[in-house]
Amino acid sequence: MSDDELLSKALLVAQNKIAEREARITVLTEQNKVLAQRNEEMQPKEQYFDALNDVNSLMNFTDTAKALKISRKKMLDVLVKEKYLYRQGNHGKLIPYEKNNHGYFEVKEQKNAFGNWAGPQTFVTVAGRQLLLRMLDEGYFD
């Protein structure tokens, strides 16, 4: 093959590759537009369900232990031992360690409807229940 024939063939191959890439870019651009539109349509639903999840996401220790079918005492003992929680004050209120929390627990100010008690109470978040499920699978509560 002559140099001109080789150059001609190389040019054809390069043009074909460029055309293939341009076609792929066009397809990806169209897919991106469809996904962007779908994302825009889903945003109000996402915000609604996020807000709903936030409202219903916190559980106290007793309900969490019941839901996971484990002993509340054992669960709390393990969480204290593994330094996710510590006991504070005379009544031993359970407070999450800040450095190990990672969104597992949330402390809210609570008031007892039937008495004069008021103070902080620690709740378990969705992420905290996922942590506890992993710990359950790993045998922490055996």
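Predicted model: local features only at pLDDT ≥ 70, side-chain atom pairs only at ≥ 80, totals over all residues.

Student: Which ring pairs with Y104, and what kind of pair is it?

Tutor: The ring of Y84 does. The two ring centres are 5.9 Å apart and the planes stand at 70°, so the pair is edge-to-face.

Student: Where do Y84 and Y104 lie?

Tutor: Y84 is in the loop between α3 and β1 (85-88), and Y104 is in the loop between α4 (98-101) and β3. The pair therefore ties together parts that are 20 residues apart in sequence.

Student: Ok, and Y84, buried or exposed?

Tutor: Buried, because its relative accessibility is 18% and the limit is under 20%.

Student: How many aromatic pairs are there in the whole structure?

Tutor: A search finds 4. One of them is F61 with F105, a tilted pair at 6.3 Å centre to centre, with 55° between the planes. F61 belongs to helix α2 and F105 to strand β3 (residues 105-111), so this pair ties together parts 44 residues apart in sequence. Both F61 and F105 are buried.

Student: Which residues make up the aromatic cluster?

Tutor: F61, Y84, Y104 and F105 form one cluster.

Student: New topic. Where is I70, and what does it touch beyond its neighbours within four places in sequence?

Tutor: I70 sits in the loop between α2 (61-68) and α3 (72-81). Leaving those neighbours aside, its contacts are A65, M75, L136 and F141.

Student: Is I70 buried or exposed?

Tutor: Buried, with a relative accessible area of 15%.

Definitions and conventions:
Residues numbered from 1 in each chain as written. Heavy atoms only, no water. Helix = DSSP H or I, 4+ residues; strand = E, 2+ residues; numbered from the N terminus. Buried < 20%, exposed > 50% of the residue type's maximum accessible area, 1.4 Å probe, protein only. Contact = heavy atoms within 4.5 Å. Phe/Tyr/Trp six-rings, centres within 6.5 Å; stacked < 30°, edge-to-face > 60°.
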